[in-house]
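Open the structure in your viewer and keep the sequence panel beside it. Each stop below says what to select and what is there.

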Amino acid sequence: MTYAITTPLAEPRPRLRDLTAAEWIKLRSLRSTPIAYATTALAVLAFNLGTAYDTVSNWSQQEAGDAARFIADGIPLQHAFNDNAVVVLILALGALGAFTAVGEYATGTIRTTFAAVPARGAVMGAKAAVLALFTTAFGLLLALLSFFGSQLILGTKDVGIGLGDPGALRVLLASTFIAPVAALTGLALGALIRHTAPTMIAAVAVLLVLPMILTDGRHLSAVLGHATPSQAWQRLVEHHYVPRQFGWSEGGAWTVYGVWALVAVVVAVVSVRRRDQ
C-alpha cells in the first residue's frame with residue numbers, strides 16, 4: 001500500500017482590491033459615519049455661506065464704488081472658504097481619520113482583522129487608500145458647495161465671481177485637499193498611539209495648535225510653521241501674497257500637502273508592522 005504525501009495549499013495573498021473593498025464596507029457600514037460627515041458638512045457650509053450672507057445683509061452700508069474694490073481685493077475668495085470653516089474641517093477630518101484606526105483597537109476587532117489578513121501593512125495601506133479617496137471626494141463636494149453657494153449669495157450684490165476668475169481654482173483645490181491631508185494625519189496618529197483620548201489630543205495639537213504657535217517672527221519658527229498643513233492652506237488661498245521677511249512659494253505649500261500625506265501613510269503602515277497588536 002502506498003500513501004500519498006500531500007502538502008497544504010498556500011492561501012493566496014490578499015489583493016489590494018479585496019482589502020480596499022473590505023475597508024470600504026467597514027467605513028460605510030458604521031452608523032456614525034454619515035452622521036459625523038453630515039455634521040461636519042453642515043458646520044463648514046454654515047460658516048462659509050453664513051459669512052457671505054452676513055456681508056450681503058450689510059451691503060447697504062457699503063459705498064457705491066466698493067464693489068470693484070471688493071472683488072479686486074479677493075474678498076469673494078475669502079468668503080468661498082474662510083478660516084473658521086477650514087478649522088472645523090481640519091479638526092473633524094483629523095478626528096475621523098484617527099478613529100479609522102483607533103476604533104478597531106478600542107473594540108478589539110483589529111485582532112480579527114490581522115488574524116484574517118496577517119499582512120498588517122497591506123491592511124493599513126488599504127485603510128489609507130479608502131480614507132484618502134473618500135475624504136478627497138468629501139472635501140471636493142464641500143469646496144464646490146461652499147464656492148458656488150457663497151458666490152451665488154454675493155452675486156445678489158454683483159460681487160460674486162466664477163471658477164474661472166484668478167485664484168478661484170487654487171482656493172477650490174486647496175480647500176479640497178486639506179481634507180485628506182488632515183484625515184491621513186489622524187490615521188497615522190491613531191495607528192501610532194492606539195488610544196482614543198491621547199490620539200484626539202495629539203491630532204488637535206499637531207494640526208491646529210502647533211501652527212498657531214509657530215509664527216513668522218523668527219526664521220526657524222517661520223520655516224517650521226510653513227511646513228504645517230494649515231499654514232500651507234493659508235498660503236494657497238491668499239489672493240495677494242506679499243512676501244514677508246521669511247516668505248515662501250505657492251509650490252512649497254503644495255509640497256507640504258504631498259509630504260504630509262505621504263509621511264502619514266508611511267507612519268501608519270510601518271507602525272503596525274513593527275508593533276504587536
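A crossing of two helices is called right-handed if the near helix is turned clockwise from the far one by less than a right angle, and left-handed if it is turned anticlockwise. That term is needed at two stops of this tour. The model you are looking at is predicted.

**Stop 1: the whole chain**

The C-alpha trace spans about 105 × 40 × 30 Å along its principal axes. Of the 277 residues, 43% count as buried. The accessible surface comes to about 14700 Å², and carbon and sulfur atoms account for 66% of that surface. Among contacts with a separation of 6 or more, 78% are between residues 24 or more positions apart.

**Stop 2: helices α7 and α8**

Select residues 120-154, which form helix α7, and residues 168-193, which form helix α8. The axes of α7 and α8 are 8 Å apart and pack at an angle of about 150°. Is the crossing left-handed or right-handed? α7 passes α8 in a right-handed crossing.

Now show the side chains where the two helices touch. On the α7 side, the residues include Met124, Leu131, Gly139, Leu140 and Phe147. On the α8 side, they include Ala168, Leu172, Phe177, Pro180 and Leu187. By class, the contact of α7 with α8 has 17 nonpolar residues, five polar and one charged.

**Stop 3: helices α8 and α12**

Because angles under 35 degrees count as roughly parallel, α8 is described as roughly parallel to α12. The crossing here is left-handed.

Residues of α8 in this contact include Arg170, Phe177, Val181, Leu184 and Leu192. They face a set in α12 that includes Glu250, Trp254, Tyr257, Trp260 and Val272. The contact of α8 with α12 is made up of 19 nonpolar, two polar and two charged residues.

**Stop 4: serine 271**

Stay on α12 and select serine 271, which is found in that helix. Is serine 271 buried or exposed? Serine 271 has a relative accessible area of 5%, so it is buried. Leaving out residues up to four places away in sequence, serine 271 touches Ala191, Leu192 and Arg194.

**Stop 5: helix α11**

Select residues 229-237, helix α11. How many of its nine residues are buried? Eight of the nine are, and the helix is mostly covered. The buried ones are Pro229, Ser230, Gln231, Ala232, Trp233, Arg235, Leu236 and Val237.

The buried residues of α11 pack against α5 (83-107), α8, α9 (196-213), α10 (219-226) and α12.

**Stop 6: serine 221**

From that group, pick out α10 and select serine 221, which is found there. Serine 221 counts as buried because its relative accessibility is 18%, and the cut-off for buried is under 20%. Which residues does serine 221 contact, apart from its neighbours within four places in sequence? They are Ile213, Leu214 and Thr215.

**Stop 7: valine 206**

Move to α9 and select valine 206, which lies in that helix. Its relative accessible area is 24%, so valine 206 is partly exposed. Not counting residues up to four places away in sequence, valine 206 touches Thr185, Leu189, Pro211 and Trp260.

Next, use the distance tool between the C-alpha atoms of valine 206 and glycine 94. These residues are 112 residues apart along the chain, and their C-alpha atoms are separated by 9.7 Å.

**Stop 8: threonine 40**

For the last stop, select residues 32-57, helix α2, and find threonine 40 in it. With a relative accessible area of 6%, threonine 40 is buried. Apart from its neighbours within four places in sequence, threonine 40 is in contact with Leu89, Ala92, Leu93, Leu96 and Phe138.

Finish with one more distance, from threonine 40 to alanine 85. The two are 45 residues apart in sequence, and 9.6 Å apart in space from C-alpha to C-alpha.

Technical notes: Residues are numbered from 1 along each chain as its sequence is written. This is a predicted model: local features need pLDDT of at least 70, side-chain atom pairs count only at pLDDT 80 or more; totals for chains, interfaces and linings use all residues. Side-chain values use heavy atoms; hydrogens and water are left out. Axes are lines fitted to C-alpha atoms, for helices over the stretch in contact, and angles run from 0 to 180 degrees between N-to-C directions. Helices (H or I, at least four residues) and strands (E, at least two) are DSSP runs, numbered from the N terminus. Angles under 35 degrees count as roughly parallel, over 145 as roughly antiparallel, 65 to 115 as roughly perpendicular and the rest as oblique. Contact means heavy atoms within 4.5 Å. Ala, Val, Leu, Ile, Met, Phe, Trp, Tyr, Cys and Pro count as nonpolar, Asp, Glu, Lys and Arg as charged, and the others, Gly among them, as polar. Buried means under 20% relative accessible area, exposed over 50%, partly exposed in between (1.4 Å probe, protein chains only). Accessible areas come from the Shrake-Rupley method with a 1.4 Å probe; for residues, only the protein chains shown count as cover.
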